[in-house]
Amino acid sequence: MNAKKIAGEKAVEHVRDGMVVGLGTGSTAFWVVRKLGEKVKNGLNIKGIPTSKSTQKLAIEMNIPLITFSDVNHIDITIDGADEISSTLDLIKGGGGALLREKIVAFASEKFVVVADESKYVKELGSFSLPVEITPFGFEATKREIQKFKCLTKIRKLEKNEPFITDNGNYILDCYFELIEDPSHLHTQLNMIPGVVENGLFVNMVDQVIIGYNDGEVKVLDKLE
Ligand code: 5RP
């Protein structure tokens, strides 16, 4: 069974008429947007805020009405994927390069629900390289500063060896730590470096995680209050 689809569609059960919904990015969030599109077709009245140009395109195809931060000052719920989810429900995000918009939208949301297949649920963060969005200007200097945190770094590239450019015109530096012992501390330290726009650690932001399993099971994990 498609574990990503199971998780994504389960999360859509949270969405009610009249809500403003943050629309995540990636192959799991894809199923969320698809399901919301179906529901809109059947009369659900929502407005979406996409977290990337690719999700914006998909939402338009699905006829989901879209708005921006200039239209509202409140997002009811955001549903998005993740690259790693720890046992404390902290995340690594940005595998698709959309981490900055994803974090802005999640932070502005009353409820942040993460959907993933079972492979993303880990004990501690760090096996997945941490994506850090950095400005093209001075990226070599920014990279050197980040390497002081004892990680292996790589500027994300496209097939033709061109740098991957985010929706915001920046680079992604993928940083391999192996193990991130203190995500909160690392998050703060990274964001203090000039040239770092944002990093893919989402610490203490999640309200609920929905994990889909290949055997069709679905598990819902709520943040401990
Ligand atoms: C994009 C993200 C995605 O949510 C993350 O990469 C998970 O993607 P997928 O659901 O395709 O595995 O953070 O920037």
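Reply: We can start with a single residue, remembering that this is a predicted model: Leu89 counts as buried because its relative accessibility is 8%, and the cut-off for buried is under 20%.

Me: Is Lys150 buried or exposed, then?

Reply: Lys150 is exposed, with a relative accessible area of 73%, and its place is in the loop between helix 5 (139–147) and strand 8 (152–155).

Me: Let's zoom out. How many helices and strands does the protein have?

Reply: The secondary structure comes to six helices and 13 strands. The radius of gyration is 17 Å, close to the 17 Å that the globule rule gives for 225 residues, so the protein is as compact as a globular protein of that length. Along its principal axes, the C-alpha trace spans about 50 × 35 × 35 Å.

Me: What percentage of the residues count as buried?

Reply: Of the 225 residues, 49% count as buried. As for the surface, the protein exposes about 11200 Å², and carbon and sulfur atoms supply 51% of that area.

Me: Which residues have the most contacts inside the largest nonpolar core?

Reply: That core has 21 residues, and those with the most contacts inside it are Val15, Val21, Leu36, Ile46 and Ile79. Among the elements that give two or more residues to this core are helix 1 (3–11), strand 3 (75–80) and strand 6 (109–117), while helix 2 gives the largest share, four residues.

Me: What does Ile79 touch?

Reply: Leaving aside residues up to four places away in sequence, Ile79 touches Ala11, Val12, Val15, Gly22, Leu23, Gly24, Val32, Val113 and Val115.

Me: Which residues does the second core include?

Reply: The second, separate core has 19 residues, including Ile92, Ile155, Phe177 and Val196.

Me: Last topic, contacts across the whole chain: what share joins residues at least 24 apart?

Reply: Among contacts between residues at least 6 apart in sequence, 74% join residues at least 24 apart.

Me: And how far apart are the mean positions of the positive and negative charges?

Reply: The mean positions of the 27 positive and 32 negative charges are 4 Å apart.

Methods. Residues are numbered from 1 along each chain as its sequence is written. This is a predicted model: local features need pLDDT of at least 70, side-chain atom pairs count only at pLDDT 80 or more; totals for chains, interfaces and linings use all residues. Side-chain values use heavy atoms; hydrogens and water are left out. The radius of gyration is taken over C-alpha atoms; the globule rule is 2.2 Å times the number of residues to the power 0.38. Buried means under 20% relative accessible area, exposed over 50%, partly exposed in between (1.4 Å probe, protein chains only). Contact means heavy atoms within 4.5 Å. Accessible areas come from the Shrake-Rupley method with a 1.4 Å probe; for residues, only the protein chains shown count as cover. Lys and Arg count as positive and Asp and Glu as negative; His and the chain ends are not counted. The place of a charge is taken as NZ of Lys, CZ of Arg, CG of Asp or CD of Glu. A nonpolar core is a set of buried Ala, Val, Leu, Ile, Met, Phe, Trp, Tyr and Cys residues joined through side-chain atoms within 4.5 Å.
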